[in-house]
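Have a look at the model first, and then we'll start from a single side chain.

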Amino acid sequence: MDLTTFFNDEGVDLFAWVDIEHLPDADRRAVLEFLPAARSVIVFGKEIPTPVYRMPQREKTREMLRIAQSLDSAAVRLAGRLDTEGFPARPVPLYLPVQVVDGKVQGVVRLKHVAAAGGLGEIGRNTVLLTPRFGPRQFLSGVVTGSPVGGPGIGDGAASDRAPLCTGCGACIRACPNGAVGPDGVDAFRCRTVRAWVPPPVVPAVKWLLRRQLLIRSIAPLAPFIAGTATIRCSLCVTECPKFPGEERRS
């Protein structure tokens with residue numbers, strides 16, 4: 001299928017179509033567990049405009065949810081198109097299920113790592129995908145499919161063709177008011193936004209719950225309604241990144 005036309009119609013800003021053989025071993029295994037017939041992953045994203053981060057918390061949350069949900073809807077439509085063309089396809093869920101690996105929460109398919117493998121950008125110390133065009137200001141969605149890669153993805157250039165985007169300056173670590181960002185990554189349960197929902201005393205119980213995949217899948221349909229009541233209380237690990245302006249800095 002013509003992904004460029006599809007994504008132009010969907011208002012998608014960047015995408016890559018990645019053969020699973022180009023993924024790190026752990027991510028390839030996760031993709032095959034998600035869809036045993038998988039041959040590739042289509043990862044795509046939309047910019048979060050800089051003015052969104054200056055909005056009041058509730059307005060910022062609503063706008064970010066709107067962007068995320070538009071990507072989720074595009075993933076469902078893309079999977080449907082691939083299915084009609086005879087290729088098994090499954091959209092990567094926006095919210096649940098997730099998994100806990102080495103005490104850290106991550107998606108069942110790590111789209112940031114797929115995007116990095118596809119040349120869209122690289123993972124910063126704040127664990128956010130950095131791209132030359134938008135810095136850390138994009139949301140991602142994706143579809144795992146049994147289709148072989150059918151054409152080139154539109155990325156920001158291969159990683160080997162540019163200087164590193166994350167310089168390891170530590171601005172994200174210093175900016176986090178709760179110390180959630182550290183040299184070894186992010187502890188999601190120390191994030192100010194997550195802590196408002198999951199106070200420290202209940203973190204062990206929540207981690208236990210997240211490891212029960214059958215239970216998590218059963219409550220996954222409720223996740224969008226729960227997310228709609230949440231508030232993004234802090235974005236300092238993104239806004240304090242020197243790459244935050246993206247191409248705005250150059251223009």
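This is a predicted model. Let's begin with F139, which counts as partly exposed because its relative accessibility is 26%, and the cut-off for buried is under 20%. F139 belongs to strand β8. Which residues does F139 touch once its neighbours within four places in sequence are left aside? The contacts are F44, G45, K46, I48, M64, I67, A68 and L71. One of these, I67, is 72 residues away along the chain, yet the two C-alpha atoms are separated by 7.5 Å.

**The strands around it**

β8 (138–145) runs antiparallel to β2, and eight bridges join the two. Is β2 enclosed or open? Seven of its eight residues are buried, so β2 is largely enclosed by the rest of the structure.

The largest nonpolar core has 22 residues, and the members touching the most others are V31, V43, V109 and V144. At least two residues each come from β1 (14–19), α2 (25–34), β2 (40–47), α4 (111–117) and β8. Take V31 as an example: with neighbours within four places in sequence set aside, V31 is in contact with I20, L23, A38, V41, V109 and V144. Two names on that list, V109 and V144, are also among the core members that touch the most others. There's a second, separate core too, with 16 residues, including F7, V12, W17 and A74.

**The ring pairs**

Now for the aromatics. A pair of rings is described by the distance of the centres and the angle of the planes. The count here is four aromatic pairs, and two of them are set out below.

| Pair | Centre to centre | Angle between planes | Type |
|---|---|---|---|
| F6 and F7 | 5.3 Å | 75° | edge-to-face |
| F7 and F15 | 4.8 Å | 40° | tilted |

F6 and F7 are both buried. For F7 the relative accessibility is 1%, while F15 is buried with a relative accessible area of 4%. Ring pairs link F6, F7, F15 and F44 into a cluster. F44 is also one of the contacts of F139, which takes us back to where we began.

**Arginines and rings**

Two arginines are worth a look. R90 lies over the face of F34, at 4.0 Å from the ring centre. The other is R137, located in the loop between β7 (129–130) and β8 (138–145). Is R137 buried or exposed? R137 counts as buried, because its relative accessibility is 1% and the cut-off is under 20%.

What does the side chain of R137 reach? The backbone oxygen of F244 is 2.7 Å away, and the backbone oxygen of P245 is 3.2 Å away. F244 comes up again through its ring: the charged end of R137 sits over that ring, 5.7 Å from its centre. So R137 meets F244 in two ways, through the backbone oxygen and through the ring, and counts as buried at 1% relative accessibility.

Methods. Residues are numbered from 1 along each chain as its sequence is written. This is a predicted model: local features need pLDDT of at least 70, side-chain atom pairs count only at pLDDT 80 or more; totals for chains, interfaces and linings use all residues. Side-chain values use heavy atoms; hydrogens and water are left out. Helices (H or I, at least four residues) and strands (E, at least two) are DSSP runs, numbered from the N terminus. Buried means under 20% relative accessible area, exposed over 50%, partly exposed in between (1.4 Å probe, protein chains only). A polar contact is a pair of N or O atoms within 3.5 Å; within protein, one must be able to donate a hydrogen and the other to accept it, and residues adjacent in sequence count only if both atoms are side-chain atoms. Rings of Phe, Tyr and Trp (its six-membered ring) pair if their centres lie within 6.5 Å; planes under 30 degrees apart count as stacked, over 60 as edge-to-face and the rest as tilted. A charge sits over a ring if NZ of Lys or CZ of Arg is within 6 Å of the ring centre and within 35 degrees of the ring normal. A nonpolar core is a set of buried Ala, Val, Leu, Ile, Met, Phe, Trp, Tyr and Cys residues joined through side-chain atoms within 4.5 Å. Contact means heavy atoms within 4.5 Å. Two strands pair if DSSP finds at least two bridges between them.
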